[in-house]
Amino acid sequence: MADSVFQLDRIGVDYPTPAGMVTGLHEVTLDVPRAGITVFAGPSGSGKSTLLRVLGLFERPARGVLRFDGVDTGPLRHSARRALRREQLGLVFQNPVENLLDYLSVGDNLRAAAQSARRTCEPEEILAQLGLGGTGDWPISALSGGQQQRLAFGCALARGSSVILADEPTSQLDEASADLVLDTLRYLAEREFAVLVASHDDRLVALGDRVARLRDGRLEGIERR
Ligand SMILES: Nc1ncnc2c1ncn2[C@@H]1O[C@H](COP(=O)(O)OP(=O)(O)OP(=O)(O)O)[C@@H](O)[C@H]1O
């Protein structure tokens, strides 16, 4: 398995707007190691979400080469990208309700996630790992925001994702709930998941083994700890 989970070579993203083309990312070149937590930090509009969407194979860059596990993703057809997304890449959004199906129980959310990657799972095993043991029959609404985010990471585990991409996972949470998310990210990184997070939460930035700083769609630099 390659040491780098993602290799970006001069990745550029443009958005058409009524006022003309806006560049979301300018020629970003970066190697993301598989091990540890990588944080993409930067002010609002710096390109963090755009970068996560490119890495999550939701967005095709206009320019440059993106390799995932050493494979050039450029020539991949839509169906191959979708299969990679479902089976390997777990994307967790900032708003807990976006990550879960509110009409299913906690356990059924995990089962549905596994099924979407053509797998089966033992919900109670995953819930126990995440400190949510015994909640399998609960409705989603009975969980706190932090617990819902934990469950969203659990869905990535149920799908068998090897890479976790989280976009501002603590921004909608109070401090105690955010702590649950920080613990979960650390737990996943210790278990050899590649964990990539976009955030301007200082505590999340402090958790990173490396921090890639973005500004105006450009990579300003990388701090390694
Ligand atoms: N769908 C879109 N259409 C037009 N412009 C977009 C779109 N998505 C992003 N942009 C622009 O691309 C740039 C980067 O935006 P992006 O959302 O990636 O930044 P961000 O760092 O994640 O910001 P935030 O912290 O506010 O979420 C900004 O100038 C933004 O306005």
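A residue is called buried if 20 or more other C-beta atoms lie within 10 Å of its own, exposed if 12 or fewer, and partly exposed in between, with C-beta atoms placed from the backbone. The model is predicted, and local features need pLDDT of at least 70, side-chain atom pairs count only at pLDDT 80 or more, and totals for chains, interfaces and linings use all residues. Residues are numbered from 1 along each chain as its sequence is written.

The UniProt record, an unreviewed entry, annotates residues 6-225 as "domain: ABC transporter"; positions are given in the numbering used here, feature names are shortened, and such annotations may be inferred rather than shown by experiment. Across residues 6-225 the content is 35% helix and 30% strand, and the end C-alpha atoms are 19 Å apart. Helices (H or I, at least four residues) and strands (E, at least two) are DSSP runs, numbered from the N terminus.

Consider the interior next. A nonpolar core is a set of buried Ala, Val, Leu, Ile, Met, Phe, Trp, Tyr and Cys residues joined through C-beta atoms within 7 Å. The largest such core has 64 residues, and the members that touch the most others are Leu51, Ile164, Leu165, Val195 and Val197. Helix H6 (residues 145-159) supplies the largest share of this core, with seven residues.

Two of these members can be followed through their contacts, a contact being a pair of residues whose C-beta atoms, placed from the backbone, lie within 7 Å. Leaving out residues up to four places away in sequence, Leu51 touches Leu25, Val28, Phe40, Ala198 and Leu214. Val197 sits in strand S8 (residues 194-198) and counts as buried because it has 29 C-beta neighbours inside 10 Å. Beyond its neighbours within four places in sequence, Val197 contacts Ile37, Val39, Ala166, Pro169, Leu185 and Leu204.

How do the helices pack? Two packed helices are described by the angle between their axes and the distance between the axes. Axes here are lines fitted to C-alpha atoms, for helices over the stretch in contact, and angles run from 0 to 180 degrees between N-to-C directions. The axes of H6 and helix H7 (residues 175-190) come within 7 Å and cross at roughly 20°. H6 and H7 are therefore roughly parallel to each other, a label for angles under 35 degrees, while those over 145 are roughly antiparallel, 65 to 115 roughly perpendicular and the rest oblique. In this pair, residues of H6 including Gly145, Gln149 and Phe153 meet residues of H7 including Ala176, Val181 and Leu188.

H6 also packs against helix H4 (residues 106-116), where the axes come within 7 Å and cross at roughly 35°. H4 contributes Val106, Asn109, Leu110, Ala113, Ala114 and Ser116 to this contact, and H6 contributes Leu151, Gly154, Cys155, Ala158 and Arg159.

Arg118, in the loop between H4 and H5, has a positive phi of about 55° although it is not a glycine. With 11 C-beta neighbours inside 10 Å, Arg118 counts as exposed. Glu168 lies in the loop between strand S7 (163-167) and H7, and its phi is also positive, about 45°, although it is not a glycine. Glu168 counts as buried because it has 20 C-beta neighbours inside 10 Å.

Conventions:
Contact = placed C-beta atoms within 7 Å.
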